[in-house]
Amino acid sequence: MLRSVILAASRSSRVERLVATAPFSRDVVRRFVAGAQTDDALRATRELVDGGLAVTLDHLGEDTVSPEQATAVRDEYLTLLGRLAEAGLTPAAEVSVKLSALGQAFDEQLAYDNARAICAAAEAAQTTVTLDMEDHTTTDSTLDILAKLRKDYPSTGAVLQAYLRRTESDCRDLATAGSRVRLCKGAYKEPESVAYQSPREVDKSYVRCLNILMSGDGYPMLATHDPRLIAIAEDRARWFDRAPDRFEFQMLYGIRPEEQDRLVGDGYTVRTYVPYGDDWYGYLMRRLAERPANLAFFARALTSRK
Ligand SMILES: Cc1cc2nc3c(=O)[nH]c(=O)nc-3n(C[C@H](O)[C@H](O)[C@H](O)COP(=O)(O)OP(=O)(O)OC[C@H]3O[C@@H](n4cnc5c(N)ncnc54)[C@H](O)[C@@H]3O)c2cc1C
C-alpha cells in the first residue's frame, strides 16, 4: 500500500516540485546519489574502487521527450567514459544506461543509435555498458535493442526483473556464453497480469532465475541487498562450482555498504551502482518505496532540516 502511494508520488510533478525544492532534500539525496556533476561521479568512483569495489555509473534522467535531450544524455556518457579512462578507473568502472533517457519512448532507432555510440565509447575506454530495465511495456524493445547491440558489442549487459512472470524464460534465453545478465527483483509498479505481486512470490522467482543463471554459461550479476538471497547465491556458487570471478554481486550506492565490504573481504566481486546528476527524483522515490526504513531516514532529515 505504502509502496503504491510512493510509486504514484514518483510520477507526480506537484510532489516532485515540493520535494525538489525542500531544504532537507539535499541531505537525503546525498546518501543515495553521488552528486550532480561528472566530477562528483569520478570522486565517488575513485573512493569505491580504492576500497576494492567495482562500479557501474548511472547518469540520472528518465522521460526524455526530445531528440536534443537524448543527444545531451548520450554526450554526457561519452564525456564520462573518456574521463573514467583518463583517470585509470576502467575497467573497474562501467556504465548503466536507461534507453528511455536516450529517446526509446518516441524513437527506438534514435535510442539504439545513441546506445551504440555509448557502447563504442565504452569499448574504446576498455569497459562495458549495461542496459537498465524499466517498466514492462519496454521489456521487448529493450531486449531487441540489446540483441542488436550485442552483435558488435557482445559484452553489453542485460537486466532481468524477477517480479515479471516472463523472466524465467528470458533467463534461459540469455544464460549463454559471454552473456552478462543482471538479475534484480524489479522496481516499478506492475499489474498482476505480468508480475508477481507478493514479496514471497518475487523471492521464489528470484531463486528460480538465479538457479538458471548460476547453472548456465553466462556471467550472472546478482543485484540484491536481500541477506537471504545473498546467502542462497553463495550456496549456489559452491553447488555449481562457480569461482568468484565468474559472477558478481551488485548493490546500490549508500545501501548496505558494510555488506558490500564483507563480500569483497570474502573474495567476491561486488559492483556498486552509483547514480549521479540533477534528475534524482524518480530514482530517490523508487528507493523510498522499497524500504520503510529509507522513509524513516527521509522523515528524520525532514524534521531536523539541517
Ligand atoms: C545494482 C542494482 C541495479 C538495479 N537495476 C535495476 C533495473 O535496471 N531495473 C529495475 O527495475 N530495478 C533495478 N534495481 C532495483 C531492484 O529491482 C530492487 O528494486 C532493489 O534492489 C530492492 O530489492 P532488493 O533485492 O534489495 O530487496 P528488498 O526486498 O528491497 O529488500 C530485501 C531485504 O534486503 C535488506 N535491505 C534492503 N535495503 C536495505 C537497507 N537500505 N539497509 C539494510 N538492509 C536492507 C533487508 O533485509 C530487506 O528486507 C537494481 C538494484 C541494484 C542493486
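Reader: In this model, how far from an oxygen atom of the ligand does a polar side-chain atom of Thr224 lie?

Author: The model is a predicted one. Thr224 belongs to the residues that come nearest to the ligand. From an oxygen atom of the ligand to a polar side-chain atom of Thr224, the distance is 2.6 Å.

Reader: Which residue has a side-chain N or O atom 2.7 Å from an oxygen atom of the ligand?

Author: An oxygen atom of the ligand is 2.8 Å from an N or O atom in the side chain of Lys185, so within the 3.5 Å cut-off for a polar contact. The value of 2.7 Å belongs to an N or O atom in the side chain of His225.

Reader: How much of the ligand does the protein bury?

Author: The ligand taken alone exposes 950 Å². Of that area, the protein buries 82%.

Reader: Which strand gives the most to the shell around the ligand?

Author: Two or more residues come from each of strand S4 (158–161), strand S5 (180–184), strand S7 (248–252) and helix H12 (281–290). The most, three residues, come from S7.

Reader: How many residues of the shell around the ligand are charged?

Author: There are 25 residues around the ligand, and Met133, Gly186 and Glu290 are among those that come nearest. The shell holds 11 nonpolar and six polar residues, and the number of charged ones is eight.

Reader: Are the residues of strand S6 buried or exposed?

Author: Strand S6 covers residues 219–223. From S6, Tyr219, Met221 and Ala223 point one way, while Pro220 and Leu222 point the other way. Five of the five residues of S6 are buried.

Reader: What is the bridge partner of Leu183 in S6?

Author: S5 and S6 pair in the parallel sense, over four bridges. Within S6, Leu183 has as its bridge partner Leu222.

Reader: Why is strand S2 described as largely enclosed by the rest of the structure?

Author: Strand S2 spans residues 93–97. One side carries Ala93, Val95 and Val97, the other Glu94 and Ser96, and both faces are covered. S2 is largely enclosed because, of its five residues, the number buried is five.

Reader: Which residue in S3 is the bridge partner of Val95?

Author: Strand S1 (residues 54–59) runs parallel to S2 and is joined to it by four bridges, with Leu57 opposite Val95. S2 is also joined to strand S3 (residues 129–131) by three bridges, again in parallel. In S3, Val95 has as its bridge partner Val129.

Reader: Why does Arg116 count as partly exposed?

Author: Arg116 is located in helix H6 (residues 108–124). Arg116 counts as partly exposed because its relative accessibility is 26%.

Reader: With which side chain does the side chain of Arg116 make a polar contact?

Author: Leaving aside neighbours within four places in sequence, Arg116 is in contact with Leu149, Asp152 and Tyr153. A polar contact of 2.9 Å links the side chain of Arg116 to that of Asp152.

Reader: What share of the residues of the whole protein count as buried?

Author: The protein contains 13 helices and eight strands. Its accessible surface comes to about 14,000 Å², with 52% belonging to carbon and sulfur atoms. Among its 306 residues, the buried share is 54%.

Key: Residues numbered from 1 in each chain as written. Predicted model: local features only at pLDDT ≥ 70, side-chain atom pairs only at ≥ 80, totals over all residues. Heavy atoms only, no water. Buried < 20%, exposed > 50% of the residue type's maximum accessible area, 1.4 Å probe, protein only. Areas by Shrake-Rupley, 256 points an atom, 1.4 Å probe, with all protein chains shown as cover. Near = heavy atom within 4 Å. Polar contact = N/O pair within 3.5 Å; in protein donor to acceptor, adjacent residues only side chain to side chain. Nonpolar A, V, L, I, M, F, W, Y, C, P; charged D, E, K, R; others polar. Pairing = 2+ DSSP bridges. Contact = heavy atoms within 4.5 Å.
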